[in-house]
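Hi everyone, thanks for coming.

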Amino acid sequence: MSICLRFYRFHHPFILINHPLNLEPLILKTDSVQLEFGGRKILQDVYLECKQGEVLGILGRNGCGKSSLLRIIFGTLRPAYKHVSINGEYIKKGYKNMRVAYLPQHNYLPKGIKIKKLAATIIDDRFWGDFSTHPIYEKYAEKTIADLSGGELRQLETLMVIYSKADFILLDEPFTHISPIQAEAFKEIIRKCAKIKGIIVTDHQYYNILDVSDRIILITDGYTRPIRNNDELVTYGYVSHIN
Ligand SMILES: Nc1ncnc2c1ncn2[C@@H]1O[C@H](COP(=O)(O)OP(=O)(O)OP(=O)(O)O)[C@@H](O)[C@H]1O
């Protein structure tokens with residue numbers, strides 16, 4: 001039985017519980033990733049840790065390997081070597097048993113199936129109230145994805161991953177293609193979900209990443225570097241200045 005279900009059964013409405021059964025938060029760790037394409041080294045010294053209760057932001061220039069790293073954790077990209085674990089247990093495929101959910105850059109929801117039916121299998125019971133009252137879901141629950149605009153579909157797909165049953169949520173560019181007001185709303189949702197999940201998020205809208213994240217790591221030259229203050233983003237050449 002999954003930890004999520006055990007949490008749900010023992011949940012008491014008057015106790016503020018941040019983690020399942022008040023256990024120690026789960027910790028997702030990734031290290032020793034070796035990834036290359038056609039002899040070109042992409043990732044060579046990665047260390048990343050994310051625990052339930054926090055948002056970890058990943059920044060880096062185009063092509064530095066952010067999406068690849070998320071796909072490696074999710075289990076759909078196999079590098080030469082990786083070590084991914086949750087509380088010490090080696091995880092070969094993060095997507096198995098809904099340990100990890102992933103929002104890719106491209107659309108992922110299947111065509112021809114009612115959104116209501118998809119939601120019933122994906123959404124975490126603890127967030128059903130939030131999800132089912134979101135305007136996008138209320139408007140399109142009885143429809144299929146063919147009825148949504150590009151931006152609406154992106155919103156729905158993002159919400160479905162954030163509110164999914166997984167312990168860890170990986171978000172690749174959740175702020176791209178959506179309006180600023182929606183980005184603000186998503187940051188609120190991400191913070192709320194991060195009270196009981198671990199969330200890793202990357203986007204080129206770095207100000208949104210800085211805003212929503214508890215910690216930041218930067219990928220440069222295949223390495224992950226913890227960013228302790230925003231000036232380091234200038235030092236490492238990610239931005240020319242910070243306002
Ligand atoms: N299947 C593939 N075959 C060959 N090269 C690939 C493949 N997938 C990714 N790459 C290369 O690996 C590098 C890292 O790609 P990745 O998509 O992880 O970068 P990214 O940091 O997410 O980039 P962006 O910010 O532009 O989305 C890029 O140079 C890309 O061209």
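Before going on, a word on the model: it is predicted, so local features need pLDDT of at least 70, side-chain atom pairs count only at pLDDT 80 or more, and totals for chains, interfaces and linings use all residues. Residues are numbered from 1 along each chain as its sequence is written. Helices (H or I, at least four residues) and strands (E, at least two) are DSSP runs, numbered from the N terminus.

Back to that pairing. Strand β8 (residues 168-172) runs parallel to β9, and five bridges join them; two strands pair if DSSP finds at least two bridges between them. Strand β4 (residues 55-60) also pairs with β9 in the parallel sense, over four bridges, and there Ile58 stands opposite Thr202.

How covered is β9 itself? Five of the five residues in this strand, 198-202, are buried, meaning that 20 or more other C-beta atoms, placed from the backbone, lie within 10 Å of a residue's own; 12 or fewer is exposed, and in between is partly exposed. Gly198, Ile200 and Thr202 point one way, while Ile199 and Val201 point the other. In a regular strand the side chains alternate between the two faces of the sheet.

β8, helix α7 (residues 180-193) and β9 form a right-handed β-α-β unit. Right-handed here means that, with the strands pointing away from the viewer, the path from the first strand over the helix to the second runs clockwise.

Now the ligand. Which residues are around it? Among them are Phe37, Ile42, Asn62, Lys66 and Ser67, where being near means a C-beta atom, placed from the backbone, within 6 Å. Helix α2 (residues 66-74) gives the largest share of this shell, three residues.

Asn97 is not a glycine, yet has a positive phi of about 60°. Asn97 sits in the loop between β6 (89-90) and β7 (100-103), and counts as exposed because it has 12 C-beta neighbours inside 10 Å. Asp221, also not a glycine, has a positive phi of about 50°. This residue lies in the loop between β10 (215-220) and β11 (223-227); Asp221 has 13 C-beta neighbours inside 10 Å, so it counts as partly exposed.
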